[in-house]
Amino acid sequence: MIAYDKQYDVIVTGAGHAGCEAALAAARMGCTTLLLTINIDAVALMSCNPAIGGQAKGHIVREIDALGGEMGKNIDATGIQYRVLNMRKGPAVRASRAQADKQLYRLRMKAVLENQAHLDIKQAEVIRLVIDRDEVSGVDTKAGVRFYGKTVILTTGTFMKGLIHIGLINYPGGRAGDLPSDGLSDNLRDLGFEIGRLKTGTPARLDGRTIDFTRLEPQFGDNPPKPFSFSTVSITRPQVPCYIAYTNRRSHEIIRSGLDRSPLYAGIIEGIGPRYCPSIEDKVVRFPEKDRHQTFIEPEGLNTVEYYPSGLSTSLPIDVQWAFYRSIEGLEKVEIMRPAYAIEYDYADPVQLQVTLETIKIRNLYHAGQINGTSGYEEAAGQGLIAGINAALKVKGKEQLVLARNEAYIGVMIDDLVTMGTKEPYRMFTSRAEYRLLLREDNADLRLREMGYRLGLVSQDDYQQFVTKRIAIDVQLEKLHKTKLLPSEVTPELLKDFDLSGIQNSITFEQLLKRPDVTYADLKRLDQSFGDVSIAVQEQVEIQVKYKGYVDRQLEQVKRMAKMEGARIPLSFDYASISGLTAEVREKLTQFRPTTLGQASRIPGVTPAAVAILSIALKTKIEG
Amino acid sequence: MYLEDTIAAISTPAGEGGIGVIRISGSASLSILKAVFKRKYDGGFQSHRFYYGDIVSPQTTTTIDEALAVYMQAPRSFTREDVVEIQCHSGTLIIQQVLAVILLCGARLADPGEFTRRAFLNGRIDLLQAEAIIDMIRAKTDTAVAVARQQSDGSLSAALFKVRDLIRRALALVEAYVDFPEDDMVAKDADCLRQQINDSLSIISDLVATFDEGRVIREGVSVLIAGKPNVGKSSLLNTLLKEKRAIVTAIPGTTRDLIEEVVNIDGLPVKLLDTAGICTSEDTVEREGIALALGRIASADLVLYVLDASRSFDADDQFVAESIKQSKIIIVLNKSDLASEIRLPSSLLSYPAIAISTLSLTGIEQLKHQIALTFLHGKAVDSRELILLSKSRHRDTLLRVKILLSDFIEHCAIPLPDELLALDLRDALDVLGQVTGETTPDDILNLIFEQFCVGK
């Protein structure tokens, strides 16, 4: 090995959505950072769907943005259709989603990386970690170079021992068109990590010149588009529609006729796939009673004819793919530009991590993204950001950052992963968060902006803007609470509109806004001065007033759990020495090694009685 | 668990004893005390002072018992939290009712050993006691597990799991609407949702109705035999016991102490209490016995009001009637083999009355049947099933689930947004989890993927 003469603080291996956030965070915190990738032209490439956000994922993007990450800004600069999902439901479950111009997204992120101080970007394949007494000190590359770094972050995506399947044909690859990473997962196994295998898939890319869009239903985005980033003023790219199409009975016949050559049903694929992202053959087999399945035909960019048919991923042979896609109305003459495929890859069960994303076995080694068994750009980016922050904090000798389950979806995700591990690709859902009403897209800045600023990731300007907003919200809440509506000062028509005709006593504007049928906009009719603040402030005030009772209920729950979440269990804790635990519980605790009593309580099979016993044992062992 | 909520439990041994103590610990202790305890003289509660008053149900405003209460402000208490102790009568039904009212006011039934555990965790008791607490928690939960296992094939636990599955399915439906807004699933079916929860509610109501029956089977009921002297109370006791336990003479006022025996009537354990004849006696010893008898009336689950059918209704009979008018009563017309002279005043005509003779043994079976009927409401009794629900924990659990599900139905009608509806169902599953085992977010996701073709 030829040793490179520059000493890095942080080395990031892999430049996907996790790796980019990790490298930017570390460099922005002042660490000398190296980002290694197998292919520099594929930095921040969207390997699957050309979209960012969606239910629960949009929440994560807003959290990344509040903390000072890049994903929100990057999609806002390259987004070509925006929609807020669940607009008719409550604010906690509203989620942003945007179509991206795939190439612009990648190039914009590459430019951000290239303009970042303290950050080197190099094309290289890492084959081995340099380990010295259970501590990582660098990486070796295939080209024979050794890079020394105080910390290493692995963000390998689907590349470790990646195997691409199209029908019964399969070949190694990290993604269609890219080489896999061959030696790294063997090295991890040698170091004592438990390595498993997962599978995911992607649909074909279709040639838009051969699609009859006049027979498809267009779906337009919101106008005006609502940006992801708290720093974005407005979206400037041209906005384009998606198109809705449906499979039919004949499509399903074609799928069934090809099942004998499906690598999934022939048992060739051993990796476990995501249930929430089923291939079309999965859907047809599992729900035979459904006559049709919906697909959104999404543009891959403004300057390309490629389209992405969502929900139609498959690993069936190419001849079945031709027949299948052409069986769909409007797609009769469609040409496939890139075939659909499934990919298997190695991952390291995240139960081998601490809640900081540092591995338990090897000091200063962090894992983020698909190597931890997650799927999704947003999930990857959220972990990458935290791994980058923690690696930087480690280098500086500062305390590690851990987001609590009541602070962020990112906190819920990491706690889920390290507490229970995962055997299938993990995706975020809002139902995974027990404090869902607290973790809203609209208040991500109120939850995390301060933290991002203290870490040095949020610029002075962005922070000032946030502080101004926060003060305005508090002032407005106070005003609502104190200002009374005097029936005598309002016209009879308005009184009638608000159902206030009969009342004798004055009512505060806060009380009025609490009513289900009254909106903030209504208040402006009664008192124009309520319109003197920004829309963002008005929106936040309305949500806080209307949701208050429920939010308080959740805050009460958080308070009750606080003692448990704060009760730390030493990693070396000897469960065998506690007489009261059943063998089953002892085995679970030994296997999952919870770091707090709160985590222990979330492990399936660990009963409340066991937690009670554990709480006593902890106090006995630590204080006694 | 390690939660900082407010807990309550009966802290005196189950069953016997004239006085029972209910202990409440946690930050809401004082507010719960204020909600259920009406002082005889108005005023606040100072720490470490005894107060005399009534336990009143805030829902129905009926008085359940008279009691003494003491509030001990943190940290000067056993758990070092705010603690309230209420001393009330320990008749098996009464103390349970008092506890039920406290639980409805927001306390959670304490887990086995939880007061001691809190005391330990708050540094109140020393480390040497820790192992003992662990053993106690383990022993109690092992017993509970054994009971549950024994019942696992019974129809009662099947009903509980049915309720859980109905709520799970409803929650999966709501969560699917929330988490998959882009999928073309079936439109939101609010009727179907409401139906599932209404089904759960009716199952729960049926189960709760069996609670009182279940409890009396496990703990037994106390039946007091009352009447003026020499109407045949002790003869009745002996007849029910089929042995001469009490001294029977023709001299009125022979029984001066309380006599207790347990007898099995139609599968129901009945603790029979024979008392001194109640009258306006001059005899000091006899008067003590009368006072004792009067004192026990309030805590008895049922009073057998014995009258001599061969004599006319007199002032002493009336005095007895006045003393027992708060109780559940069966009128027993003894000596009905003799010529009937008695005419009941109209105020007593609404009570069940059984004519018997302790000499010819007529009417005894009928009386036994009437006693059983009072507690079991004539339903067929499968004691195996009833034992499970007889545990206060299960009843408490079901009542709390019932409240949450009723909230859900109410919130559906408004309608509240889905993520708030999910909150009610999630809370209901968490509470039910104490009996049926927990429901994890993954359980709900599994149900969603089973039922709906979602995701892309």
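Visitor: At what angle do helix H2 and helix H11 of chain A pack, and how far apart are their axes?
Guide: In this predicted model, helix H2 of chain A spans residues 57–67 and helix H11 of chain A spans residues 444–455. H2(A) passes H11(A) in a right-handed crossing. The two helices pack with their axes 7 Å apart, at an angle of about 35°.

Visitor: Which residues of H2(A) make the contact with H11(A)?
Guide: By class, this contact has five nonpolar, one polar and five charged residues. On the side of H11(A), the residues include Asp445(A), Arg447(A), Leu448(A) and Met451(A). H2(A) contributes Arg62(A), Glu63(A), Ala66(A) and Leu67(A).

Visitor: Which helix supplies the largest share of the side of chain B that touches chain A?
Guide: The contact takes 46 residues from chain A and 38 residues from chain B. Helices H3, H4, H5, H13 and H14 of chain B each supply at least two residues of the side that touches chain A. By class, that side has 22 nonpolar, three polar and 13 charged residues. The largest share, seven residues, comes from H4(B).

Visitor: How many residues of the largest nonpolar core come from H5(B)?
Guide: The largest nonpolar core has 169 residues, and among those touching the most other members are Ile153(A), Tyr409(A) and Leu425(B). Leaving aside its neighbours within four places in sequence, Ile153(A) is in contact with residues including Val10(A), Ala22(A) and Tyr366(A). The largest share of this core is supplied by H5(B), with 11 residues.

Note on methods: Residues numbered from 1 in each chain as written. Chains lettered and ligands numbered in written order. Predicted model: local features only at pLDDT ≥ 70, side-chain atom pairs only at ≥ 80, totals over all residues. Contact = placed C-beta atoms within 7 Å. Helix = DSSP H or I, 4+ residues; strand = E, 2+ residues; numbered from the N terminus. Nonpolar A, V, L, I, M, F, W, Y, C, P; charged D, E, K, R; others polar. Core = buried A, V, L, I, M, F, W, Y, C linked by C-beta atoms within 7 Å. Buried ≥ 20, exposed ≤ 12 C-beta atoms within 10 Å, placed from the backbone. Axes fitted to C-alpha atoms, helices over the stretch in contact; angles between N-to-C directions. Left-handed = near helix turned anticlockwise from the far one by under 90°.
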